Each structure stands twice: as structure tokens, then as C-alpha cells.
Amino acid sequence: MKKRIAILGSTGSIGTQTLEVIAQHPDHFEVEVLTANNNIELLIQQAKVFQPNMVVVANHCRYKVLAEALKDEPIKIFAGKEALEQVVQLETVDLVVTAMVGYSGLIPTLKAIEAGKHIALANKETLVVAGEIITREAVKNNVNIYPVDSEHSAIFQCLAGEHMNEIEKIYLTASGGPFRNLSEAELETVTREDALKHPNWDMGAKITIDSASMMNKGFEVIEAKWLFDLQPQQIDVIVHPQSIIHSIVQFRDGSMKAQMGLPDMKLPIQYALNFPLRLPSDFKRFNFLDYPKLTFEQPNTKIFRNLALAFEALKMGGNLPCILNAANEVVVQAFLKEKIRFVDMPGLIEESMQRVTNIKTPVLEDYIQTDKETRLLTTSLIRQRSKIKM
């Protein structure tokens, strides 16, 4: 039988690539649900091509245009956050691909898990914000979480058949982003356009900025803790500019396994959709002769302070990773709107982490309140900084 897929965030980078994978394997997958926040033009195109059972636009204001465009299609159309939370619980959904950006993916993912739906997780912020709750509910509801991030997919693949063997350490590889070789002084003048030019990966704006600041790698550190039940000291980050080795697992006997390949998100997406079986693909193959040298470096956490802040949040635990995520989402948007400089982001995040109330054992409502409180504080800090500059 075909696996019926719900894609949360189908118009984003991961969502569109997921649909490419599905289109290549029509005998294995069919689209049951598509959702988007605002980009209904692309959502309409996707709906007409893939003919899902349901389409949801999170922004109520876009509903009428969407409904009019699809009025002649046999597709049910809904709007609003509540609809997002409901469609993931449908009996006709076998797997939910969570490709929404940021904190917005938390509640729909949780609802899907509570309904017993297996998850292909591309929304790392869900585990950053509330990893303890998500993993607990996944175990409780017998739900599998298949990582879509290339680094976590690599670890997941390396661990196949190794469930009896203890992990000593994992190494998350990082490209280093576009500013890997810049000094602190040079970072003072980087622009929005500079930060959006990733050397190896084609991603959405938010994750591209996170990659440039190395916050994305910090989030992946926290995500890895929850996905693979690790302690902070078992997780390391190494800069690998070629992005060929996607991550490494070291076992207690000292042996290491690495997953390699050209940087292409469709490969981990396809692996997550059809685990444990590998489907054939026409993805470009890696040639060792094209990469005679693979290099590795230690990340500079003094220049890229966001990575250090993420490790601190992981070690402190509680709601601190939630604070980290909320503050980061606010400062990234401010940077994209050119309200602050690239180098201003870590300081604003750190101040938010210091000032928002820390809760050692938060429940879901605490995370929701923490997110709101942090966003208000960080926005206020940005406004204060703007006034000082004026």
C-alpha cells in the first residue's frame, strides 16, 4: 500500500523537495495533506498537481483566495492554526513531515505524535524547545521520529544495526557557512545578502542565517541530545567545509562510522519517508576524485558565540533552550529586515537568556509562556538598541 503523507510547510525548501521525492516514487507515496502559512500561490500549484485530500493555510486572511482557486478541485480546504493541529490527526495520514519553520511546528508535531503518527522531523526547533516532552510522548504513543536534517539522518543511518552498541561520542559536521574565515572585525560589516549566500546548501532564509551564525549547528546539538539520548559531553561539532561527511558516530571501542554523500537534502528526506528500505534514485553520485582533500577544523566559538550559547542552554536545560530559540527567531527576523547587524545577534540572545525566568522542570504551558515572554523581551531590547544608535 502507498504511504499517505501529510506535509506541514509544503511550500518551504524541505516541503518542496519532499514533493519532488514523492513525485519520483508515485507507487510508494501519495499526498494526503498539504499546508502552508502564506504562500498560497505555490500551495495552489502543489494542490492541483498532487491532489491531496486536504489543504490548510495557516493565515485565515488567505483562505478566500485559496478556496476560490481550488473550488473546482475535489480538495477540502481549511484555514487557521487549529486546522493544522487537527489534520495531522486524521486516520488517513500515515506519516507527518514537519517542515514548518521555527516554534510554529511545536504544537502540530505534538498533536500528530499524540495521535500515533510517525514523524519525519525537519523542524529541529520542536526538539530544541520541548525535547523532553516530544520524546516522552513519542515513546508513550509508540511513534517513530525519523530525522530529516542531513546531520541527524547521517547519525541515524550510522546507528542502523548498532542498537546493542554504546555510543561514545557523535561528531556533527558543519560547513562553517559563508563567514568561516572572517575575523571579528570583518563580521562587523557583513550584510543580509552576504549572510544569505550559503556555500553548499540551498535553504530558506531563516535557516541560512542560522547556518551563517552557527546557531543552526547549536540547535542540531540540542536536537541530537533528544534524538539519540545523549549527554552534552557526548556531542561535538567539527567544521568540514566540503559538506561531504554529514556526521560521524564513535563507538566505545574507538571505531567510527561516517555517512557520506554530496549535499542534497532529497536523500535524507527519501530515507526518512521509506525507512528502513532504501529506494532507487537518480541523485548525483559522489566521486572521490572530485574531492581529493576532505578537511576538518575546530569551530571558533569566540567569534561564533551562538554555538557556545547553544551548548550552555543544553547543559543548563529546563526552558533555557526555549528562550534561546525564541530570542534567535526574533533577532534573525530583525537582521533580515536590517534593523540590527549580524554581530548584534549573539549579545541580544545572551541577554534574553539571562533575563527571562529560568524554569528547571517546565511543562508545555511553561514553554508556551516562555516563548511569548522571550519574544517580547528580545523585541524590546532591539528597540532600545535602535534608539541608542539614533
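The following legends describe close-up views of a predicted model.

Residues are numbered from 1 along each chain as its sequence is written, and side-chain values use heavy atoms, with hydrogens and water left out. As the model is predicted, local features need pLDDT of at least 70 and side-chain atom pairs count only at pLDDT 80 or more, whereas totals for chains, interfaces and linings use all residues.

**View 1. The parallel sheet.** An open sheet is formed by 7 strands in the order β4-β3-β2-β1-β5-β6-β7, with parallel pairing. Strands (E, at least two residues) and helices (H or I, at least four) are DSSP runs numbered from the N terminus, and two strands pair if DSSP finds at least two bridges between them. On average, neighbouring strands are turned by 20° against each other, direction ignored; axes are lines fitted to C-alpha atoms, and angles run from 0 to 180 degrees between N-to-C directions.

**View 2. Strands β5 and β6.** Strand β5 (residues 95-98) runs parallel to strand β6 (residues 118-121), and 4 bridges join the two. L95 has H118 of β6 as its bridge partner, while V97 stands opposite A120 in β6. Together with α5, these strands make a right-handed β-α-β unit; right-handed denotes a clockwise path from the first strand over the helix to the second, with the strands pointing away from the viewer.

**View 3. From β6 to β7.** Over 3 bridges, β6 pairs in the parallel sense with strand β7 (residues 145-147). P147 in β7 is the bridge partner of L121. Helix α6 (residues 125-140) carries the chain from β6 to β7 in a right-handed β-α-β crossover.

**View 4. The largest pocket.** The largest pocket has a volume of about 900 Å³. Of its 28 lining residues, N37, A58, M100, V101 and S104 are the closest to its centre. A pocket is an open set of points on a 1 Å grid over the protein atoms alone, where a 1.4 Å probe fits, with protein on both sides within 12 Å along at least five of seven lines; lining residues have an atom within 4 Å of a point. The volume is the space filled by probe spheres set on the points, which are joined across faces, edges and corners.

**View 5. Composition of the pocket lining.** Elements that each supply at least two residues of the lining of the largest pocket include β2 (29-36), α5 (106-114) and α14 (320-336). The largest share, 4 residues, comes from α16. Domain 1 (3-143) and domain 2 (317-389) each contribute at least three residues to this lining.

Notes: Domain bounds come from an automatic or database domain assignment.
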